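User: I have a chain open on my screen and would like to talk it through. Could we start with the terms and then turn to the residues?

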Amino acid sequence: MKKILLVVDMQNDFISGALGSNEAKAIVENATERVKDFDGEVIFTRDTHFENYEQTQEGRKLPVRHCIKDTYGWEVCDELKALPVYEKSRKIDKLTFGSDELAVFVKEEKPDEVYLLGLCTDICVISNAMLVKAFSPETEVTVFADSCAGVTPDSHKTALDAMKMCQIN
């Protein structure tokens, strides 16, 4: 049975940096434990922007510089980077909310189960969960709600409810 854990955007800028929140800080320990104990392949995504961020559509709609490649804010948090699995894991740098590279990967690999955790539930977690479901419809998809945080607690809950309606556990 092929199992994948997708660790979505557990980056410094989303935890304690430009777009950080207390809710994001609160899930780091749960996320670290889930990654440490996972029996399967672990993939990390990194929200990735460049110096021209303000000229992009996202930059115009969210004018907060974040996750600029090769900055401290772009890096995955230290707690996860310290785990032995981090170095040998696949890293996917994504330029938008969902990852086309991840979609192609799951379409080709057809994993039995994909689990997701990370930030933000209501933006990147939901986008990637829906891509996995769309590109590998027979894959069982589960989101660890206690290891995710949204922009707000209400939008976190709304995203979880939306995913549930799309047969995501």
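Analyst: A term first: a residue counts as buried when its relative accessible area is under 20%, and as exposed when that area is over 50%. Please note also that this is a predicted model.

User: Then is T121 buried or exposed?

Analyst: T121 has a relative accessible area of 0%, so it is buried. T121 belongs to helix α7, which covers residues 121–135.

User: And what does T121 touch?

Analyst: Setting aside residues up to four places away in sequence, T121 touches I126, C148, A149, G150, H156, A159, L160 and M163.

User: Let me step back. How many helices and strands are in the chain?

Analyst: The chain has 8 helices and 5 strands. Along the sequence they follow the pattern β-α-α-β-α-α-α-β-α-β-α-β-α. The radius of gyration is 15 Å, close to the 15 Å that the globule rule gives for 169 residues, so the chain is as compact as a globular protein of that length.

User: What box do the C-alpha atoms fill?

Analyst: Taken along the principal axes, the box is roughly 40 × 35 × 30 Å. Within the chain, 50% of the 169 residues count as buried. Of the contacts between residues at least 6 apart in sequence, 77% join residues at least 24 apart.

User: M10 was on your list. Where does M10 sit?

Analyst: M10 is placed in the loop between β1 and α1. The relative accessible area of M10 is 1%, so this residue is buried. Not counting residues up to four places away in sequence, M10 touches I15, I27, V28, A31, E75, V76, C77, L80, L117, G118 and L119.

User: And how far is M10 from R46?

Analyst: The C-alpha atoms of M10 and R46 are separated by 7.5 Å, while the two residues are 36 residues apart along the chain.

User: What of D9, then: buried or exposed?

Analyst: D9 is buried, with a relative accessible area of 0%. D9 lies in the loop between β1 and α1. Leaving aside neighbours within four places in sequence, D9 is in contact with F14, T45, R46, D47, K94, L119 and C124.

User: What separates D9 from M163?

Analyst: Their C-alpha atoms are separated by 18 Å, and D9 and M163 are 154 residues apart along the chain.

User: L119 keeps coming up. What is L119 in contact with?

Analyst: Beyond its neighbours within four places in sequence, L119 is in contact with V8, D9, M10, F14, I15, A24, I27, C124, V125 and A149.

User: Next, backbone geometry. Which peptide bond is cis?

Analyst: The peptide bond from L119 to C120 is cis, with omega near -20°. C120 is placed in the loop between β4 and α7.

User: Which residue has a positive phi although it is not a glycine?

Analyst: K110 is one, with a phi of about 45°. K110 lies in the loop between α6 (100–109) and β4. With a relative accessible area of 58%, K110 is exposed. Q167 is also not a glycine and has a positive phi, of about 65°.

User: And where is Q167 found?

Analyst: Q167 is found in the segment after α8 (153–165). Its relative accessible area is 62%, so Q167 is exposed.

Note on methods: Residues numbered from 1 in each chain as written. Predicted model: local features only at pLDDT ≥ 70, side-chain atom pairs only at ≥ 80, totals over all residues. Heavy atoms only, no water. Helix = DSSP H or I, 4+ residues; strand = E, 2+ residues; numbered from the N terminus. Rg over C-alpha atoms; globule rule 2.2 N^0.38 Å. Buried < 20%, exposed > 50% of the residue type's maximum accessible area, 1.4 Å probe, protein only. Contact = heavy atoms within 4.5 Å.
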